[in-house]
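Subject: Two-chain model, handover and notes

Hello,

Please find the structure we spoke about below. My notes on it follow.

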Amino acid sequence: MIKKILKSSLSHLIIIFICILSVVPFLWLLSTALKGRAENIFAYPPVFIPKDITLENFKEVLKLVPILRYILNSLIVAIMAVVLNVVFAGLASYPLARMNFKGKKIIFFAILATIMVPFQTLMVPIYMIVLKLNLIDSYSTFRGYLGLVLPFAVSAFGIFLLRQAFLAIPKEIEESAVVDGCNSLQIFFRILFPMIKPQVAVLAIFTFISSWGDFLWPSIVLTSEKLYTLPVGINNMSSNFGADYRLVASGAIISLVPIIIFFLLLQKYFIKGSQDGAIKG
Amino acid sequence: MEFKKNITAYLFLLPAGIFLVLFFFIPFIQTIYLSFFDFSKSAYNPDFVQFQNYISLIKSPLFLKTIKNTFYFLILCVPILVIFPLFLAILINNIVKLKTFYKVLIYLPVIVSTVIIAIAFKWLYAPYGLLNYFVRLLGFEPVGWLTDTHFSMISVAIVTIFRGIGYYMMIYLSALLSVPNELYEAIEVDGASEFKKHMVITIPHLMPIIALVSTISSISALKAFSEIYVMTKGGPLDSTMTIVYYIYKYAFENLDLGLASAGSVILLFIILGFSLLNIFVFERDKYKI
């Protein structure tokens with residue numbers, strides 16, 4: 001009995017230690033952001049709880065850097081990415097799961113192949129194509145958004161995720177709809193698509209997170225600060241204020257707020273998502 | 001009828017198809033095509049130079065160092081990202097109280113943008129920063145986390161590991177649900193230790209998932225970019241220059257598209273190797289048609 005309690009408290013201790021490690025970098029940022037001008041942020045030994053907690057740094061960084069604009073940009077881009085991914089993957093996965101047609105195997109393997117070739121190896125020609133289509137923010141804000149989103153409008157991950165979901169629906173449901181005289185579009189929109197809502201939610205959330213956090217592509221295509229997404233804007237701020245870590249930390253903390261709220265509200269889907277969609281690397 | 005059925009299927013596939021052609025298949029062919037041209041004399045009228053870019057890359061000490069760095073980074077990250085999350089998942093799985101709370105905290109870094117995490121770590125790595133405080137507390141000399149070439153890659157890898165642990169732990173946790181409880185009960189009757197229990201039952205049972213995590217974490221290590229860009233920009237002395245960073249630098253800073261494309265093709269082959277291994281050996285069932 002004693003051994004069992006000891007063992008269980010040891011696992012608790014290890015887990016609690018890991019939990020602390022995974023929040024310490026953020027808490028240290030928060031602590032730095034809350035320290036006033038008079039307080040030494042390089043104090044030795046370090047001061048974890050600021051002597052005079054102040055919101056001055058947050059006010060100042062919001063005045064100097066358009067963080068709210070970055071948040072808006074990130075939100076627009078992420079929502080566009082979610083809508084496009086859900087619609088396109090939903091449509092494409094249906095025939096792959098439910099229909100027999102000529103060239104099915106080839107199309108299936110062509111989509112599969114896209115998983116193996118990461119964006120990083122294609123970014124040079126993708127950039128050239130986006131330039132050619134004038135999807136750059138120097139033309140217009142809307143074109144800028146399109147240039148950010150369209151290369152990621154379809155993911156093989158999404159198609160496979162929803163295909164698995166369609167495969168799990170019993171064939172009889174579809175057959176009875178055919179008997180009732182529904183056509184393919186009606187079957188898809190009225191009957192089958194509503195049945196895969198949980199997987200659609202998973203796809204939506206994972207697309208949102210990866211779009212929200214993406215840095216490489218926006219840092220390549222964006223030219224004007226007006227369209228900076230959060231990661232690009234915060235990185236830019238960090239190189240501009242490099243020496244003033246109070247401001248950098250405040251900016252970083254502000255940028256964390258929306259995604260943490262999003263996560264806490266939808267955490268059950270994250271857990272479900274890691275069960276369904278382990279293939280997204 | 002048959003014809004109509006085909007058309008319906010193609011129409012459903014069309015929207016996704018257009019985007020895949022435009023942003024995947026055309027760029028894919030173009031990457032290979034561009035890798036045979038030299039852009040250094042003129043960006044508009046590049047010369048066809050056959051395999052010259054590949055030859056230059058293989059002869060370039062910087063590119064060879066880049067490949068070495070990339071694999072060094074992979075070796076730093078992958079074993080830890082495969083083993084440690086499994087250990088954590090087993091621990092959390094046995095806990096009854098506060099399970100969700102722990103999961104949420106450990107998963108938190110996964111949802112935060114790598115850029116923000118890299119900024120947080122840059123602050124921890126500062127010469128008089130929090131980490132060096134603990135280093136001094138333990139009686140060692142302060143470490144130049146991002147300025148010393150011996151440590152720079154390790155420091156970058158720590159960020160990648162920090163962000164990956166929760167993700168892989170969740171994958172393991174859901175896989176643990178599939179291990180039948182009777183197996184544990186049987187071995188418990190024999191009085192086996194906790195350690196033996198997992199060595200004999202859990203790990204063999206999870207082998208396909210362990211293989212999957214190895215592949216995913218290897219590929220994402222090969223693709224790492226943000227943490228390097230934010231923290232070191234490939235430095236100091238190119239000690240954190242990886243293939244992806246090299247491609248980025250040659251394409252978008254030096255505007256040498258030919259060399260960057262040849263680098264992309266080489267990276268493509270490396271990643272393809274890892275992916276094919278995964279799909280044909282471990283995930284055959286998942287993609288059956």
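A residue is called buried here if 20 or more other C-beta atoms lie within 10 Å of its own, exposed if 12 or fewer, and partly exposed in between, with C-beta atoms placed from the backbone. By that count, buried residues make up 43% of the 289 residues in chain B.

Some conventions. This is a predicted model, in which local features need pLDDT of at least 70 and side-chain atom pairs count only at pLDDT 80 or more, while totals for chains, interfaces and linings use all residues. Residues are numbered from 1 along each chain as its sequence is written, and chains are lettered from A and ligands numbered from 1 in the order in which they are written.

Chain B overall

Helices (H or I, at least four residues) and strands (E, at least two) are DSSP runs, numbered from the N terminus. Chain B has 12 helices and two strands, and its elements run α-β-β-α-α-α-α-α-α-α-α-α-α-α from the N terminus on. The C-alpha trace of chain B spans about 75 × 75 × 30 Å along its principal axes. Two residues are in contact if their C-beta atoms, placed from the backbone, lie within 7 Å. Of the contacts in chain B with a separation of 6 or more, 69% are between residues 24 or more positions apart.

Domains of chain A

Chain A is divided into domain 1 (2–54) and domain 2 (60–276); such bounds come from an automatic or database domain assignment. The C-alpha centres of the two domains of chain A lie 34 Å apart. Seven residues from domain 1 and seven residues from domain 2 take part in their contact. For residue classes, Ala, Val, Leu, Ile, Met, Phe, Trp, Tyr, Cys and Pro count as nonpolar, Asp, Glu, Lys and Arg as charged, and the others, Gly among them, as polar. On the side of domain 1 that touches domain 2, five residues are nonpolar, one is polar and one is charged.

Helix 8 (residues 171–179) of chain A is hardly covered, since the count of buried residues among its nine residues is zero. Just after helix 8 of chain A, A:G181 takes a positive phi of about 90°.

Between the chains

In the contact between the chains, 74 residues of chain A meet 73 residues of chain B. Helix 1 (residues 2–33) of chain A gives the most to the chain A side, with 13 residues. That side divides into 56 nonpolar, 16 polar and two charged residues.

Helix 1 of chain A packs against helix 4 (residues 99–111) of chain B at an angle of about 35°, with the axes 8 Å apart. Axes are lines fitted to C-alpha atoms, for helices over the stretch in contact, and angles run from 0 to 180 degrees between N-to-C directions. The crossing of these two helices is left-handed, a term for a near helix turned anticlockwise from the far one by less than a right angle (right-handed if clockwise). On helix 1 of chain A the residues are A:I15, A:I18, A:C19, A:S22 and A:V23, and they meet B:Y102, B:L105, B:I106, B:L108 and B:P109 in helix 4 of chain B. By class, this contact has nine nonpolar, one polar and no charged residues.

The core

A nonpolar core is a set of buried Ala, Val, Leu, Ile, Met, Phe, Trp, Tyr and Cys residues joined through C-beta atoms within 7 Å. The largest one has 167 residues, of which A:A252, B:I119, B:A120 and B:Y172 touch the most other members. Helix 7 (residues 152–176) of chain B supplies the largest share of this core, 14 residues. Not counting residues up to four places away in sequence, A:A252 touches A:L29, A:I234, B:I116, B:I119 and B:A120.

Local points in chain B

- B:L98 has a positive phi of about 60° although it is not a glycine. B:L98 lies in the loop between helix 3 and helix 4 and is partly exposed, with 14 other C-beta atoms within 10 Å.
- B:L255, also not a glycine, has a positive phi of about 55°. B:L255 lies in the loop between helix 11 and helix 12 (257–282) and is exposed, with 12 other C-beta atoms within 10 Å.
- The peptide bond from B:G235 to B:P236 is cis, with omega near -15°. B:P236 lies in the loop between helix 10 (226–231) and helix 11 (243–252).

Regards
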